[in-house]
Amino acid sequence: MKLYWKYFQIHLKSCMEYKASFILTCIGQFLASFNIFLGVYFMFQRFTAIGGFTYHEILLCFGITLMEFSLAETFGRGFDMFSDCIRKGEFDRILVRPRSEILQVLGSRIEFTRIGRMLQAAIMFSYGIYAGDVDWSFSKILTVVFMLIGGTVVFSGIFLISASICFFTLDSLEIINIFTDGAREYGRYPVSIYGRRVLILCTFVIPYALIQYYPLTYLLDKGKPWYGMLPLAACLFVLPCLLLWKYGVRHYTSSGS
């Protein structure tokens with residue numbers, strides 16, 4: 001953790017060297033995701049509910065999902081950009097260092113500019129709480145914390161899968177964006193509105209529903225209390241991701257760059 005903290009400080013100092021650029025980039029990130037919010041807003045100008053969920057309940061859902069993705073992008077950006085490391089032959093240097101490859105890749109890139117997205121997510125979630133009818137309790141507050149932890153782990157796991165594939169392709173596959181940026185886009189609404197088959201897929205294959213739909217139903221008193229623990233179970237998704245990473249490292253051959 002001391003080494004990662006050092007990485008954290010280095011990236012933070014780097015961002016602060018060009019404060020105006022950092023602030024403008026954060027504003028750009030805020031405005032980019034704000035367009036998605038406008039889509040939700042105009043949708044509810046014509047409909048009072050979608051799949052049984054009201055506007056304020058959708059804002060809770062979207063706010064949490066956007067925060068989860070933004071946290072994963074902030075701290076897992078090294079895996080998302082791992083193809084550059086492979087193509088340039090920089091992973092060879094990582095392998096000869098007496099530290100974990102995962103720690104070094106994580107520390108290679110920390111995107112503080114994603115604070116802009118986090119700010120919008122916090123605003124939407126706060127408004128959803130203020131305008132909604134959620135009966136908050138200690139267990140529900142813990143559920144939100146678990147959702148943020150589980151969601152960050154799941155999205156980071158997908159970034160790790162993308163990075164692991166680069167060992168064999170030397171470049172990231174665009175199809176992975178369906179499960180990262182695509183999940184952020186579709187995650188503005190509860191998974192259940194996309195149909196039973198998608199819900200099953202997002203429960204047992206890629207556990208989006210465990211970090212979004214099921215705990216959300218508990219927060220809104222539409223689901224069972226134990227749904228609030230499911231985001232912790234979703235963290236197990238990272239185990240096969242780590243196994244794929246280890247398999248990729250064992251079969252790694254330098255790009256020759």
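**Reading burial and exposure in a predicted model**

Modeller: In this predicted model, the exposed residues Arg197 and Phe204 sit on the face of helix 11 that is turned away from its buried side.

Biologist: Which residues of helix 11 are buried, and what makes them lie on the same side of the helix?

Modeller: The buried residues of helix 11, which spans residues 196-204, are Leu199, Cys202 and Thr203. They cover an arc of only 105 degrees around the axis, and therefore they are on the same side of helix 11. Among what covers these buried residues are helix 12 (208-211) and helix 13 (213-219).

Biologist: Why is leucine 59 called buried?

Modeller: Buried means under 20% relative accessible area, and leucine 59 has a relative accessibility of 1%, so leucine 59 counts as buried. Leucine 59 belongs to helix 3 (residues 55-75) and, leaving aside neighbours within four places in sequence, is in contact with Phe37, Met124, Phe125, Tyr127 and Gly128.

Biologist: Where in the protein is confidence lowest, and where is it highest?

Modeller: Confidence is lowest in helix 10 (residues 181-186), with a mean of 79, and highest in helix 14 (residues 230-234), at 93, while the mean pLDDT of the protein is 86 and 99% of its residues reach 70 or more.

Key:
Residues numbered from 1 in each chain as written. Predicted model: local features only at pLDDT ≥ 70, side-chain atom pairs only at ≥ 80, totals over all residues. Heavy atoms only, no water. pLDDT = per-residue confidence, 0-100. Helix = DSSP H or I, 4+ residues; strand = E, 2+ residues; numbered from the N terminus. Buried < 20%, exposed > 50% of the residue type's maximum accessible area, 1.4 Å probe, protein only. Contact = heavy atoms within 4.5 Å. Arc of directions from axis to C-beta.
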